[in-house]
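Work through the exercises below with the sequence and the model at hand. Each task is followed by its solution.

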Amino acid sequence: MSTDFIGIDFGTSNCAVAALVNDLPTLIVVDENSENPYKIRSAIYLAHDLSGDDSHDAKANEQTLNDMLAAGEILFGEQGFNAFLQTPHEGRYVNSPKNFLGAKIPKRLLDSFEILVVRFLSYLKKCAEKQLSLEITKAVIARPVNYHSTMGELGNKQAEALMLRAANKVGFTDVEFIHEPLAAAYHFEQNIQKPTQAMVVDLGGGTSDVTFCLLSQENAQKLDRSADIYSTKGIRQGGIVCDKLLASGMVSPLFGRGGRTETGRAIPNMLFSGVYDIDNIPLMSDFYSPARSKSISEYIFESEDPLPLMRLQRVQKQRLTHQLMHAIELSKINLSDQQQTQLCMAFIESTLNLDIKREQVAETMVNWLDKMFAMIDEAITQATKTPEIIYLTGGMGLSPLVQQALNTRYPAVAISVADAFSSVVFGALLKAKRLYS
């Protein structure tokens, strides 16, 4: 027997849904085209570009997005991503709408992102209803401590209000939110044998969050756990930032960064602005603009070694930014299981490859790791307590580099790595059970 509520992990990189079936937490199939059908890439492809031109004016971009939302075909997850790789010029690809919900952007564009969220939530709801053969009207949605935003708490309020409106529009009559690390904490708590002071560290694609709390079987069924939460912190940087640091530090020279003209002038860094910024639509649009195309062409003519800039030109003209960052992300993931891997970029140039070692990636991650440590240290200082265990969740939590860095920084604290893709959604479901049962 199923219930009429679900938990939703609306993540930066992936989304997941869970429901109670015969009182057992059960993952919902959300992407039959994925290797793991219980998670779906947080991506939408709007097929059939109606603009008919290559304009990159901001208002034109907004209008095109609105037109495509109204009349174009919408593909989700792997289906959308694969369609985009095949026809990048024939539609609009939006990687992780969540990243823009707290952004300081024009209301017209924000309204468009709200429609994107409505469509995505509607898709997830229908997946659950299909599997459960039941109308779903209640949901607990996991959210980051701090959304990806430059507006601080105002950005958090904007994003949560948008998510609430979108959830109501698709038919969720009762909606609550839970911080992602707290949701993971609820999940971990199910197997706690004794009261434990736990630091839950959720390292996602767009944000990194911690909740320092007391976990215990005694309090596990209580709805109000505010007395058990010592501190909560979050930063607006996650795995995507690490991918961009890797790209900038190791891959950029293959595209001309650090090169010089025949007269000895340095190739300007502004030429590469936006090439890796899949989480920043204005920067990416600027990279694809006619003005940038002209600048790249001029520096190819002046460069002492034009080949790398010709590769950059290919990325720009063929709109290969997402494909490039996807290849970089896969290489980073491969390094979780091996010391060295090869970044293959045959989609840019048939023989273009780069050998990458795990220790080289570690060097590019130093600044991000320092920010993660600062976040954890602030949570410990605020709590005036020392954690007995660190629970790691989120995609970056699987990285041996992250695990090793935490062990080195906090040698007296046990480290436990959770299921990166189900702990948050199962925790959201637990809160839903306590709220709606």
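**Exercise 1: the largest pocket**

Task: sort the lining of the largest pocket by residue class and find what contributes to it.

Solution. By class, the lining has 16 nonpolar, 19 polar and 12 charged residues. Here Ala, Val, Leu, Ile, Met, Phe, Trp, Tyr, Cys and Pro are nonpolar, Asp, Glu, Lys and Arg are charged, and the others, Gly among them, are polar. The model is predicted: local features need pLDDT of at least 70, side-chain atom pairs count only at pLDDT 80 or more, and totals for chains, interfaces and linings use all residues. Residues are numbered from 1 along each chain as its sequence is written, and side-chain values use heavy atoms, with hydrogens and water left out.

Next, take the members of the lining. There are 47 residues, and Ser-13, Asn-14, Lys-39, Glu-329 and Phe-421 lie nearest the pocket's centre. Elements giving two or more residues include β2 (14-21), α2 (77-86) and α10 (321-334). The most comes from α10, with 8 residues. (Helices, H or I with at least four residues, and strands, E with at least two, are DSSP runs numbered from the N terminus.)

**Exercise 2: helix α2**

Task: which residues of α2 are buried, and against which elements do they pack?

Solution. Buried means under 20% relative accessible area, with exposed over 50% and partly exposed in between (1.4 Å probe, protein chains only). In α2 the buried residues are Gly-77, Glu-78, Gly-80, Phe-81, Ala-83 and Phe-84. They pack against β4, β5 (43-47), β6 (74-76), β7 and α10.

**Exercise 3: two helices**

Task: how are α5 and α14 placed relative to each other?

Solution. The axes of α5 (residues 180-189) and α14 (residues 423-436) come within 7 Å and cross at roughly 80°. Axes are lines fitted to C-alpha atoms, for helices over the stretch in contact, and angles run from 0 to 180 degrees between N-to-C directions. Angles of 65 to 115 degrees count as roughly perpendicular, under 35 as roughly parallel, over 145 as roughly antiparallel and the rest as oblique. The two helices, α5 and α14, are therefore roughly perpendicular. The residues of their contact (heavy atoms within 4.5 Å) divide into 8 nonpolar, 3 polar and 4 charged.

**Exercise 4: Gly-155**

Task: is Gly-155 buried or exposed, and what does Gly-155 touch?

Solution. Gly-155 belongs to helix α4 (residues 153-169). Its relative accessible area is 0%, so Gly-155 is buried. Leaving aside neighbours within four places in sequence, Gly-155 is in contact with Gly-102 and Ser-149.

Definitions and conventions:
1 Å grid on protein atoms, 1.4 Å probe; cavity = no way out; pocket = protein on both sides within 12 Å on 5 of 7 lines; lining within 4 Å.
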